[in-house]
Amino acid sequence: MSLKAENLSVGHGPCAVVTQVTFELQPGQALCLLGPNGSGKSTLLKTLLGILPPLQGELQVDGEAFDNLRGNALARQLAYVPQHKDDPFAFACEDVVLMARSHQWRGLGGALLGPRMADREAAHAALARLGIAGLAKRAFNQLSGGQQQLVLMARALCQNSRYILLDEPTASLDFANAALVMNQLEQLLVDGEHAVLWTSHDPQQALHLQAQVMLLHKGSVLAQGAASEVIQAHNLSLLYNLPIDVVQTASGPWIRATTPDRPGPSSCT
Ligand SMILES: Nc1ncnc2c1ncn2[C@@H]1O[C@H](COP(=O)(O)OP(=O)(O)OP(=O)(O)O)[C@@H](O)[C@H]1O
């Protein structure tokens, strides 16, 4: 079982944004996509979700070619936490989360069945896991960006797909909620039944989850491998075009940008 990409090129229209992407992600594993703004992280993620067509290469989910998996079959395998969800309708958060399970509501002959009690319980359990049970009845489109991000995370948990793909899942979250989301991802990995692939601007997250890392830089993969090996001063400095140190501390590596010495304030005498 794996989510597998081989020699994948991704982009918009005919224009390739990233080329030659190859990886294999198995349940229990995590892969973090890092790269500067505009390096193609979201474009790659959307291609892995079937939202954008690949320009070249092969994509497989559990040995099945991606082209054979559409709609419900894909939803059974892949859950998606987008950065934003523009919703013109005032759906209650519990319904936004519940809809994650709609791929399971087909009966004999493809007839659409409604949600069962177990689905409603799963939706409420997912909201509770994210500490937002109190938002269940609130209109999703009236929440703050961070609250919406937590609801979308709950939706992915409720979907219970094997592969969970997240686009900057902590971008709008406060410190405590960012830690909560990272902790949920860690728990998904521990059960060995889920794999997590996420984009981030925080290399420390990849170290924390002991993830695999892919560094996207100028249209290709700059480096790839275990976070402990790839997240090094040389690679990060190249990636972000900035002098960066990775300092070993008692509690693990600490990443910091080293700014050149600045002249002190001039005296006004
Ligand atoms: N719908 C689109 N049509 C054409 N080009 C696009 C589209 N969306 C993104 N791009 C371009 O594709 C490139 C990669 O964008 P992408 O959003 O994948 O980067 P990213 O690494 O996720 O950036 P960020 O860290 O800022 O979210 C950028 O040059 C961007 O301008």
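# Reading a predicted model

User: E168 lies in the loop between β7 and α6. Why does E168 count as buried?

Analyst: This is a predicted model, and the term rests on a count of neighbours. A residue is buried if 20 or more other C-beta atoms lie within 10 Å of its own. E168 has 21 C-beta neighbours inside 10 Å, and therefore E168 counts as buried. Its backbone deserves a remark as well: E168 is not a glycine, yet its phi is positive, about 45°.

User: Why does L74 count as partly exposed?

Analyst: The term covers counts between the two limits, 12 or fewer for exposed and 20 or more for buried. L74 has 17 C-beta neighbours inside 10 Å; therefore L74 counts as partly exposed. L74 sits in helix α2 (residues 71–77). Leaving aside residues up to four places away in sequence, L74 touches G50 and L69. L74 and H103 are 29 residues apart in sequence, and their C-alpha atoms are 9.2 Å apart in space.

User: How do you know that the span of α4 is close to the expected one?

Analyst: Helix α4 (residues 117–129) has 13 residues, and 18 Å is expected at 1.5 Å a residue. From its first C-alpha to its last, α4 reaches 18 Å, which is close to that expectation. After α4 comes G131, with a positive phi near 70°.

User: Which residues of α4 are buried, and what puts them on the same side?

Analyst: The buried residues of α4 are A122, A123, A126 and L127. They cover an arc of only 135° around the axis, and so they lie on the same side of α4. An α-helix has 3.6 residues a turn, so residues three or four places apart point the same way. The buried residues of α4 pack against α3 (93–98) and α5 (145–159). The face turned away from this buried side carries the exposed residues M117, A118 and E121.

User: Which residues are buried in α6, and how do you know that they line one face of the helix?

Analyst: In α6 (residues 175–190), V181, M182, L185 and L188 are buried. Seen down the axis of α6, these residues fall within an arc of 110°, so they line one face of the helix. They pack against α5, β7 (163–167), β8 (195–200) and α7 (203–208). Exposed residues on the face turned away from the buried side include F175 and N183.

User: What makes β2 and β5 edge strands?

Analyst: The open sheet has 4 strands in the order β2-β1-β4-β5, with antiparallel pairing. β2 (15–25) and β5 (64–65) each pair on one side only; these are the edge strands. Two strands pair if there are at least two bridges between them. β4 (residues 56–61) and β5 have 2 bridges, and therefore they count as paired, in the antiparallel sense.

User: Which helix gives the most to the shell around the ligand?

Analyst: Helix α1 (residues 41–48) does so, with 3 residues. By class, the shell has 1 nonpolar, 8 polar and 1 charged residues. Among the residues surrounding the ligand are H12, V17 and K41.

Terms used
Residues are numbered from 1 along each chain as its sequence is written. This is a predicted model: local features need pLDDT of at least 70, side-chain atom pairs count only at pLDDT 80 or more; totals for chains, interfaces and linings use all residues. A residue is near a molecule or strand if its C-beta atom, placed from the backbone, lies within 6 Å of it. Ala, Val, Leu, Ile, Met, Phe, Trp, Tyr, Cys and Pro count as nonpolar, Asp, Glu, Lys and Arg as charged, and the others, Gly among them, as polar. The expected span of a helix is 1.5 Å times one less than its number of residues. The arc is that of the directions from the helix axis to the C-beta atoms. Two residues are in contact if their C-beta atoms, placed from the backbone, lie within 7 Å.
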